[in-house]
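Open the model in your viewer and keep the selection tool ready. We will go from one stop to the next.

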Amino acid sequence: MKKYAMPILMLAVFETIAITLWLTKDNLFYLFNFSYIGCSIALGVFLFIRKYRYARRIVQLLVGFYMLVYLGLICQENMQIEGFWYYLFSGVFEAATIHYAVAKIFGPLIFGRGWCGYACWTAMVLDFLPYQTPARPRKKIGWIRYCTFVLSLLFVSALFLAYAGNLERIMFWAFIIGNVVYYAVGIILAYAFKDNRAFCKYICPITVFLKPMSHFALMRVTCDKEKCISCGKCKSVCPMDVDVTDNSRNRKNGTECILCMECVRNCPKKAL
Ligand code: SF4
Ligand code: SF4
Ligand code: SF4
């Protein structure tokens, strides 16, 4: 049973969030929402432990489609970064603000960038492209993410300053158009840079929250130096160029780790 501690822990964390929000917000939706996400993640971790090759992809599809289709298109909740600013400026602690607090701001203190590996609906599509591991060295253009972050903030600020009407409708269309743009740019960059995760590395504004918080993540891959034979396999399969054999918090690209476990799966000495 000990080896199943992680899926049980994940389920317990999400159920705690689900029950707490259900009771404090008096809204049954939160119980359903976080229970569903917790069950999906726990199932994925369970399948990973059972060595099922596509465990992570199953979680990505379960959570990604739920968030994109059910929450985004059917419930018309904008879970993109502009939706977060919108709810934040409106003073509403609902939907996108809760989602960001759990998945992207405070959650990463526990599970790092697990969101990026298991739940993001943008990466859910990008991970189907042919460049699972980057075929070219990383470029020094990560500063673009700060521009897109500021642009999203300016966009919503301008709507508020202009007293734009029907903001809910604008946010819904911003969600649709934003996703189309993200997918188009993500796919073009993946082929241009021969790297499925190029969008994540250079453009995604959410990483401005994710990176600093995941620096302190409780859950992270570490290396048993006694077992490691420095074969380099872990680095060669990492989609995010992380130097996972360095156990320090400041390891190269350490805040890029999406906990995909490709390094763990491929290590010939089970050192990770
Ligand atoms: S970096 Fe952005 S696009 Fe990539 S997986 Fe994370 S949230 Fe999604
Ligand atoms: S794959 Fe394993 S043995 Fe090889 S360098 Fe990485 S941690 Fe060490
Ligand atoms: S391969 Fe390992 S170090 Fe690289 S992102 Fe996945 S879990 Fe993190």
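A nonpolar core here is a set of buried Ala, Val, Leu, Ile, Met, Phe, Trp, Tyr and Cys residues joined through C-beta atoms within 7 Å. Keep in mind that this model is predicted.

**Stop 1: the core.** Select Phe14, Phe34, Ile41, Val63, Cys116, Cys120 and Phe199. These residues have the most contacts inside the largest nonpolar core, which has 64 residues. Now colour helix H2, residues 28-49. H2 gives the most to this core, with seven residues. Domain 1 (78-214) and domain 2 (220-272) each supply at least three residues to the core. In soluble globular proteins, nonpolar side chains tend to be buried together.

Zoom in on Cys120. Which residues does Cys120 touch, not counting those up to four places away in sequence? They are Gly64 and Trp115.

**Stop 2: helix H4.** Select residues 81-89. Is this helix mostly covered or mostly uncovered? Mostly covered: seven of its nine residues are buried. They are Ile81, Glu82, Gly83, Phe84, Trp85, Tyr86 and Tyr87. Show H5 (95-105), H9 (144-161) and H10 (167-193) next. The buried residues of H4 pack against these three helices. Gly91 has a positive phi of about 75 degrees.

**Stop 3: ligand 2.** Around this ligand are 14 residues, and Cys228, Cys231, Lys233, Cys234 and Cys267 are the closest. By class, the shell has nine nonpolar, three polar and two charged residues.

Technical notes: Residues are numbered from 1 along each chain as its sequence is written. Chains are lettered from A and ligands numbered from 1 in the order in which they are written. This is a predicted model: local features need pLDDT of at least 70, side-chain atom pairs count only at pLDDT 80 or more; totals for chains, interfaces and linings use all residues. A residue is buried if 20 or more other C-beta atoms lie within 10 Å of its own, exposed if 12 or fewer, and partly exposed in between; C-beta atoms are placed from the backbone. Helices (H or I, at least four residues) and strands (E, at least two) are DSSP runs, numbered from the N terminus. Domain bounds come from an automatic or database domain assignment. Two residues are in contact if their C-beta atoms, placed from the backbone, lie within 7 Å. A residue is near a molecule or strand if its C-beta atom, placed from the backbone, lies within 6 Å of it. Ala, Val, Leu, Ile, Met, Phe, Trp, Tyr, Cys and Pro count as nonpolar, Asp, Glu, Lys and Arg as charged, and the others, Gly among them, as polar.
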